[in-house]
Amino acid sequence: SLFAILLVFSIPHLLGYTTLENYAPCNTVANHDCASQNSVIKEVVEGNLIAEDIQLYENKNINISPISLLNPILYAPFFFLIPLLGINLAIIIAKTFFIALNFILLFILGKMIFRNERFSILFSIAMVTQMIYKDLMLMIFYFLSLISAPLSEKLLGLIGRNLSNLTIHAPLIFERVTRPNLTFILLMISSILLIKLMNRQKHTLKTKVLIGLVWSSLFYSYFYNFVVFFITVAFLATFYLVKERQIAYNLIQTTCFATLFAIPFWLNYFRFKNSNFYADYMARVAVEQGYFIRILGDYILWAIIIVTFLILSKNFKKEWVYFVTAFTVAGIAGLNLQLITGFNPEPDHFSRLVVFGIEFIFLSLIYLGVTKADPKIPKILHKYINSKTIFTAIIIFLLITSATWQFKYFENKKDILTMPTEEQEIYDWFSDNVDETSVIMTDSLV
């Protein structure tokens, strides 16, 4: 299963290296996020562990980081492969390694909650490919459009005809450098430890200190993860103060340790907050200003899914129900952070975390529906149609849909996934003839 999922993620790269000249998936036109993150990682490789504002040369050597401190450090070792393999292949190997870790951690979480190996594989594949919820619905309509076209032009009408020319502008989201490719790993480790902390009342002080150390990594890796995670912990601690007070104390104590380990993060943040370039940087990252409630049409659907999950909650481990509900609601609270702070930087990042929570619920309901239906399948059919075969069929379908997504992405974007030969020659000349600390001005976006 792990090999299959890594193969799916490799599709654009395999096609790129075999069919395109100067394949460069991390150029700025094709993937600005990858290109900008690479610049930050390069800073760390060159010995500057506090990665600075790489967008403006005048902010060089200020020794203040407005961005995640930990991510470039964890990615940097793979950059030492560049002299041997080149920049693009080194990054592909790094992303593949982190995708594999995400898959394994999600499998561990699935086994811990559902005690079903086959479903845990399904759970991991669905989360890593994100071929569940909205993207899955899109791909189902796409497949229907392909099937319907030869049979009847009117069967799916305009929807079918439009989707048969489906344009996909980005690969599967876990292809993205650092977010969520790396940051989700830290979130999952922290979440698994949180659920284990809720499993029983007694934990040693050493255990809580070590879990606090892991939780503190969220401060250094991704603002949105640490906000949603610690709102989740706050909700759970408040709930357990009424239900099981000792667990609440464990959560509060572990959070205190995490906060202590996060002191360097806060020192860096306050230096950044009081710096001369704070206002300029915040203007560049689309910070919303004002006190207001964000109204989204998705709230209704999210509410229906959450309420359904709570109604059926007796069928799941109680810690899972508490965690997933608190996590999803915490994401919605993050979307409305401006109600408390008066500002919210790029709030769409919070909606991605809400969707993770909704997907956890969605998959839990799939598991419940299939396992409840299993005993009711007639004996004559049960040998061929049972929970295992249904889960296997869903796994195969998810792999096919995600592979199709990758193929469509490559087909739509292959014209910009290359480095023009003349520009490649220019960069090669720079490498050979220009000092590496030089600043080069260009109107090229590549």
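Which residues have the most contacts inside the largest nonpolar core? Select Leu109, Trp215, Leu251, Trp320 and Phe360. The core around them has 113 residues. This is a predicted model, so keep that in mind as you go.

Next, colour helix α5, residues 87–114. Helix α5 gives the most to this core, with twelve residues.

Now centre on Phe360. Leaving aside residues up to four places away in sequence, Phe360 touches Leu106, Leu109, Phe123, Met127, Phe184, Met188, Trp320 and Val324.

Then look for a second, separate core. That one has eight residues, including Ile64, Phe272, Tyr278 and Tyr281.

Turn to the aromatic rings. The count of aromatic pairs comes to 50. Start with Phe78 and Phe97. Their ring centres lie 5.6 Å apart, and the pair is tilted because the planes stand at 45 degrees. Phe78 sits in helix α3 (residues 70–79) and Phe97 in helix α5, 19 residues apart, so this pair links distant parts of the chain. Phe78 is buried, at 16% relative accessibility. Phe97 is partly exposed, at 41%.

Move on to Phe223 and Tyr224. Here the ring centres are 5.0 Å apart, and planes at 85 degrees make the pair edge-to-face. Phe223 is partly exposed, at 31% relative accessibility, while Tyr224 is buried, at 6%.

Stay there for the last stop, the second largest pocket. About 1,300 Å³ of space lies in it. Of its 48 lining residues, the closest to the centre are Pro66, Phe223, Tyr224, Tyr281 and Glu346. Colour the lining by type: 27 residues are nonpolar, 14 polar and seven charged.

Terms used:
Residues are numbered from 1 along each chain as its sequence is written. This is a predicted model: local features need pLDDT of at least 70, side-chain atom pairs count only at pLDDT 80 or more; totals for chains, interfaces and linings use all residues. Side-chain values use heavy atoms; hydrogens and water are left out. On a 1 Å grid over the protein atoms alone, a cavity is a set of points where a 1.4 Å probe fits but cannot get out, and a pocket is an open set with protein on both sides within 12 Å along at least five of seven lines; lining residues have an atom within 4 Å of a point. Grid points are joined across faces, edges and corners, and a volume is the space filled by probe spheres set on the points. Ala, Val, Leu, Ile, Met, Phe, Trp, Tyr, Cys and Pro count as nonpolar, Asp, Glu, Lys and Arg as charged, and the others, Gly among them, as polar. A nonpolar core is a set of buried Ala, Val, Leu, Ile, Met, Phe, Trp, Tyr and Cys residues joined through side-chain atoms within 4.5 Å. Buried means under 20% relative accessible area, exposed over 50%, partly exposed in between (1.4 Å probe, protein chains only). Helices (H or I, at least four residues) and strands (E, at least two) are DSSP runs, numbered from the N terminus. Contact means heavy atoms within 4.5 Å. Rings of Phe, Tyr and Trp (its six-membered ring) pair if their centres lie within 6.5 Å; planes under 30 degrees apart count as stacked, over 60 as edge-to-face and the rest as tilted.
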